[in-house]
Amino acid sequence: MRPPPPPPPLWLLLPLLLWLSGCGAAAPPADSLSQLPAPRNLKVYLYNTQQALSWEPVTLSNDLRPVVYQVQHQYNPSSNWYDVNKENSKVDCTNIIVPKCVFSTNNLSEGFPPSFNISLRVQAKLAGLVSDWVMAPWFQHYRNATIGPPENIWVTPEEGSFNIKFSSPFDVPASEAYFLYYVYYWEKGGIQQVTRPNRSNFITLNNLKPLRAYCFQVKAELFWISGKISRPGHLSDISCSETTAGASAKLQQVILIAVGTFLLLSVVVGTCLFLVQKYRSLVKYWFQSPPGIPARLEEYLKDPDQPILDALDNDSSPKDDAWDSVSIVLSPENEGEDVLQSTVNQSAGPSQQPVEGGLQASEPTDVTVRT
């Protein structure tokens, strides 16, 4: 019989023993740098020149230490990611506490180029723990930005027209993009109209009615030249103004005011005259002066002891007496008819007595009455 083969050397069995021992051992613990939850609900904010990225903050129930965040950006189609810090941009969004990164505010030159395709991602960190990277949707500012209304609107009313001047929502390079402007206008209570697109920020509204109130709104539309994409903007607040009148309209207005004033005065005067004629006695009663007491009698009433009555008798004289003389003449030619002729004579003589007896046909008879 052939002898059995010799056993294999021990150094050949060592790898096998190590493999068998590893099969029954527990799996190594997971990497401790992947235990933080990732940020959620990433939102890119683009309004006029503003560029920002926000997200929901990461919270831990068993750890009160603040979580910090790091933001990176990428210029598509490149595969390289760059930290958003002072070296690569004008803002620093590495190890920030607030869940927001603002790239630009008042000028597009502060943020990412408006024509570039930009991708963003954010990661949460706490001490030695980090989360997974979370990406936001890519964007182009000219393609995705929200355009606000024009600013600094000035209105100058003229005869049947308006001159409207305003400024653009933000400045854009003329070689990349431009704005088109529209004015929506309507007479109060009328139908809305819109002007044709205009690249100028000075627009005149013509053929309007004079001395009428009009309201209007202005809207800007961004047009990206290379991308051949337009972004309509928001309407401005409603403004109202009134057109002025021309020379002819002003003359007509003056004539109408004068005629109206004359007619009104005529009506007022006629009404007053009618009322005065109708209520003449009442008006006379209102405007008649009240009866007064003679001065000497008023003095006597104040002081009855004064000899006012004697003074009145002494002051009276025959010259102050007034007499009325009436002559009655009977004409013999007209018998049966008595003609009465009264002659009033002012005289200052002694009292005359009437003649006794019957009246003579040819002699006049004087009858004197003292008044």
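These legends describe close-up views of a predicted model.

**View 1. An open sheet of three strands.** The strand order is β1-β2-β6, and the pairing is antiparallel. Strands β1 (40–47) and β6 (100–104) form the edges, each pairing on one side only. On average, neighbouring strands of this sheet are turned by 10° against each other, direction ignored.

**View 2. The pairing of β1 with β2.** Strand β2 covers residues 50–56 and runs antiparallel to β1. Six bridges join the two strands. R40 stands opposite E56 in β2.

**View 3. The edge-to-face pair of F162 and Y214.** A search of the whole structure finds 11 aromatic pairs. One of them joins F162 and Y214, with ring centres 6.2 Å apart. The planes meet at 80°, over the 60 degrees required, so the pair counts as edge-to-face. F162 belongs to strand β11 (residues 161–167), whereas Y214 belongs to strand β15 (residues 213–224). The pair therefore ties together parts that are 52 residues apart in sequence. Both partners are buried: F162 has 0% relative accessibility, and Y214 has a relative accessible area of 6%. The cut-off for buried is under 20%.

**View 4. An aromatic cluster.** Four residues make up one cluster: F166, F170, F179 and Y181.

**View 5. Charged side chains over aromatic rings.** R121 lies over the face of W133, at 4.2 Å from the ring centre. K219 lies over the face of Y182, and here the distance to the ring centre is 5.4 Å.

Notes:
Residues are numbered from 1 along each chain as its sequence is written. This is a predicted model: local features need pLDDT of at least 70, side-chain atom pairs count only at pLDDT 80 or more; totals for chains, interfaces and linings use all residues. Side-chain values use heavy atoms; hydrogens and water are left out. Two strands pair if DSSP finds at least two bridges between them. Helices (H or I, at least four residues) and strands (E, at least two) are DSSP runs, numbered from the N terminus. Axes are lines fitted to C-alpha atoms, for helices over the stretch in contact, and angles run from 0 to 180 degrees between N-to-C directions. Rings of Phe, Tyr and Trp (its six-membered ring) pair if their centres lie within 6.5 Å; planes under 30 degrees apart count as stacked, over 60 as edge-to-face and the rest as tilted. Buried means under 20% relative accessible area, exposed over 50%, partly exposed in between (1.4 Å probe, protein chains only). A charge sits over a ring if NZ of Lys or CZ of Arg is within 6 Å of the ring centre and within 35 degrees of the ring normal.
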